[in-house]
Structure formats: structure tokens, C-alpha cells
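Subject: Structure handover

Hi,

My notes on it follow below.

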Amino acid sequence: MEADLITVEEALSRIGQNVSLLAPKLMSIDDASGLVLAEDLRSKINMPPFRQSAMDGYAVRFEDKGVEYLELIGEVAAGVDASSTQLKQGQAVRIFTGAMVPDSADTVIRQEDVVQLNSRIKIDIWPKRGANIRPEAEQTSKGEIIAKSGDVLNPARLSYVAGMGVSKLWCYPKANIAVVITGSELQKNTEDLRPGCIYESNSYAIIGSVKNIDNQYLKVFYLNDELKYSIEVFKTQLDEYDCVIFSGGISVGDYDFVAQILDDKSVEKVFYKVKQKPGKPLFFGKRDQQYIFALPGNPAAALTCMYVYVNPAIRKMMGWSEFYTDTINLSLKETIELNGGRSQFLKAKQDGGSVDVLEYQSSAMLKSFAEADCLVYLNGEKACYQKGEIVKCYKL
Ligand code: AMP
Ligand code: MG
């Protein structure tokens, strides 16, 4: 039986091979934060678009150096068109940071180096010719490429391209995601618990981990373990989503209907069951342009599969070139013995360059997951991993 299972590495590589990028959309820059660009962007303007004062001070003609008093003929504030302001010999204008330097001025004197006496100024310290002026196009020229397809629109890049006049841009959109929570025993945590029931909690883990990637569009469905209705929902209500994530019902129990729902002609299975603990009965498949994951219901298994498999798939859909979950190599603080020969993901906490594997590793428990900041990955090729051994850890 275990021989049918695929390895973690194979499952991850099938995700990389099978998930395609979502179709790019022309978006307003107001909606593009955190998205990945799907085109090369060019600047619409020179930046700065005109010669700009870099200081609060006085714009002068450097050739007047040596003249004791300069005549102050006015001021140029930020946002004012100074193209008609003309400085003649011996004249200066008051100027402020970001303001347009008149063509006839070639130097700005810091106000700290000037004494103003009514309509005259006396310059104590002359800087070099051209000082305190940002030349036109100093940073960027009109037409220059300012961001490339595949770049993530992080706060700095988004702000940079906005400053170059970009207002609309082609991006890979956020994924539309349906989360389908199955289980007749599950109750909302606003109700009193009925005998035999538990509070539904996987939706919080799944939504929270997806939202860590970005504020995706999410809708949650709740299904009892009832095959006919579940099939109807699958066939009629889930079409419009880029990704459907089922929770529970994928195991081998009499009421585990998700495997039967997904055993549909329209669904192409990419894998079902991975040689891992927790999360063995993980399903991944495709239906038209849609990706379907079915996670085991045990809370720690569901969340482990989110971090290791589902989130990378979503990042890939959204155009990320580095979509797998980040890992770090750390040394084991204690020797770990495994049984079963499956790969294991163990809830753990980093401590400098080492890692502490926590108590309470059962897939039914979240107690240790709530404390963990990484998952130690042991590939299961051997039964004992020694204290001090370097192991791969998935960052949470
Ligand atoms: P299943 O995979 O549906 O057989 O569920 C395995 C275990 O996880 C059972 O003990 C379920 O009660 C529990 N479980 C399933 N779904 C959830 C959920 N959404 N929230 C909390 N526990 C769950
Ligand atoms: Mg169930």
C-alpha cells in the first residue's frame, strides 16, 4: 500500500509542473500592491521632470559670487511654474525643496548659509556651481524600463512606478479561492457544543495561511458528510474559482465523500496520497483552469499541507518565480527517532542556528503548531536523526 504513495519531493515537483499562471489583467495601480507584474513598464516622464531644488534656500547665478548683496526678486514654492522667472545680474529668488529652479539660476544656496535683510540677501558660504539642484532626469529618463515582467510590486516598487506616472498595469491577479469545509460533526464556535460535535477550526488555519500570501478573494462553503448534496455543490457552485481547497473527508472512512466527489470525469488527478506524516491522504487535481486540493481534516495535517503544497501553488498562479515555501537549514537539538519510513514534518522552534522539536506532534493537535515557527523536515530515508545533524526546516 505504502508503495503507491509518492514522495514529498515528487508531489512538490508535480505542483510546479502542473500549476500555470493566472491570465494577466489590466489593473489600476490602486489594486496592484503585492501583485506580480506581467509586462515591462516604461517611465512616462523624466524624473525629476524639471530642475528641482534639493534644499530650502535661494536660487542664484554662480557668476554673481563675490557680489556682497544680491537683490531678492521673489519666491518659488513647490508646485509653481517658474519657467518665466528671469534672474538678471545680481538677483536671487527664495526657493523651497522640490520647487522648479528658474532657467537663469544655476546654484541653490542653503538658507542656513544666507542672511536675509528685507529684499536683499548676503551669502556667507558659496557652495560649488550647480550645488543643491537635482538635474532633470537625474533618476529616470522618459521611456526607460522601470520594472520588468515577473517583478513583485512591493511597496518601494509600487511607489517608484506610481511616481513615474504609471496608473494602469498588467499584473497576475489574486486567485479566487473556495474553501470547502466538510464534516457533520463541526459546529460554529458561537454555539454551545452538542454531544459528539467539535468546533470547526480548519477554516481559520486555511484562510489565515492563504491571507499571509496576500489578501486573496475567498469564499467558504460548509458541507455535511452527505454525498448527493456535496456533489451538487461541486458541480454547480465552485466553477468560478481558480482554486478549491477541501478540508476533511478525503480519507478512507465510510463518510469520507470528497474522494468520491473528485472521482469525476471532469477532474484530472495529479496525485493522491503522499508518503508523509502528517497529511498522507492529500489530493491534488485539475478541472479545466481550476486547481483542486483536498486536505485531510486533522488540523495539523491540513495546515502542514497548506504551508508545504497549497501556498506554493497559489504563489505560482500569482506569477511568483520563487513560489516554494522558504526553508532554512538548522541543527537538531535532540536526536529524533522515526518509525514508519514516511517523511515527517515536525512542529519546531528555531533557537539561533539550532532547532527544538516540540512535544505534541499528533496530526489531530494544534497545540505545538501554535507555538512553532518552523517545521523540521525529515525525509524518512533513515530511522534516526542525530543531535547536531543539519536538517531542512520550512519557515512558517
Ligand atoms: P476527516 O479527514 O474528515 O476524517 O477528519 C479527520 C479529523 O479531523 C476528525 O477528527 C475531524 O473531526 C477533524 N476535523 C475535520 N475537519 C475539521 C475542521 N474543519 N475543524 C476541526 N477539526 C476537523
Ligand atoms: Mg470528516
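Let me begin with one strand pairing. Ser331 has Ile390 as its bridge partner in β29. Please keep in mind that this is a predicted model.

**Strands around β29**

Within it, Cys374 stands opposite Lys395 of β29. As background, strands of a sheet pair through backbone hydrogen bonds, in either a parallel or an antiparallel sense.

**An open sheet**

Another group to look at is an open sheet of 3 strands, ordered β1-β13-β2, with antiparallel pairing. Its edge strands are β1 (25-28) and β2 (36-37), each of which pairs on one side only. Between β2 and β13 (residues 168-172) there are 2 bridges. Here Val36 has Tyr172 of β13 as its bridge partner.

**The ligand site**

The space it takes is the largest pocket. There are 15 residues around ligand 1, and Glu185, Glu200, Ser201, Gly249 and Gly297 come nearest. By class, this shell holds 5 nonpolar, 7 polar and 3 charged residues.

- Ser201: a backbone N or O atom lies 3.0 Å from a nitrogen atom of ligand 1.
- Asn202: a backbone N or O atom lies 3.2 Å from a nitrogen atom of ligand 1.
- Gly249: a backbone N or O atom lies 2.9 Å from an oxygen atom of ligand 1.

On its own, ligand 1 has 480 Å² of accessible area, and the protein covers 77% of this.

**Backbone geometry**

Most residues other than glycine have a negative phi, and most peptide bonds are trans. Some spots here depart from that.

Met47 and Pro48 are joined by a cis peptide bond, with omega about -5°. Pro48 sits in the loop between β3 (41-42) and β4 (52-53). The bond from Lys277 to Pro278 is cis as well, with omega near -5°. Pro278 is in the loop between β20 (276-277) and β21 (283-287).

Two phi values are also worth a look. Ala137 is not a glycine, yet its phi is positive, about 65°. Ala137 lies in the loop between β11 (133-134) and β12 (145-147). Lys273 has a positive phi of about 90°, again without being a glycine. The loop between β19 (268-272) and β20 holds Lys273.

Best wishes

Note on methods:
Residues are numbered from 1 along each chain as its sequence is written. Chains are lettered from A and ligands numbered from 1 in the order in which they are written. This is a predicted model: local features need pLDDT of at least 70, side-chain atom pairs count only at pLDDT 80 or more; totals for chains, interfaces and linings use all residues. Side-chain values use heavy atoms; hydrogens and water are left out. A residue is near a molecule or strand if one of its heavy atoms lies within 4 Å of it. A polar contact is a pair of N or O atoms within 3.5 Å; within protein, one must be able to donate a hydrogen and the other to accept it, and residues adjacent in sequence count only if both atoms are side-chain atoms. Accessible areas come from the Shrake-Rupley method with a 1.4 Å probe; for residues, only the protein chains shown count as cover. On a 1 Å grid over the protein atoms alone, a cavity is a set of points where a 1.4 Å probe fits but cannot get out, and a pocket is an open set with protein on both sides within 12 Å along at least five of seven lines; lining residues have an atom within 4 Å of a point. A molecule sits in a cavity or pocket if more than half of its atoms lie within 2 Å of its grid points. Ala, Val, Leu, Ile, Met, Phe, Trp, Tyr, Cys and Pro count as nonpolar, Asp, Glu, Lys and Arg as charged, and the others, Gly among them, as polar. Two strands pair if DSSP finds at least two bridges between them. Helices (H or I, at least four residues) and strands (E, at least two) are DSSP runs, numbered from the N terminus.
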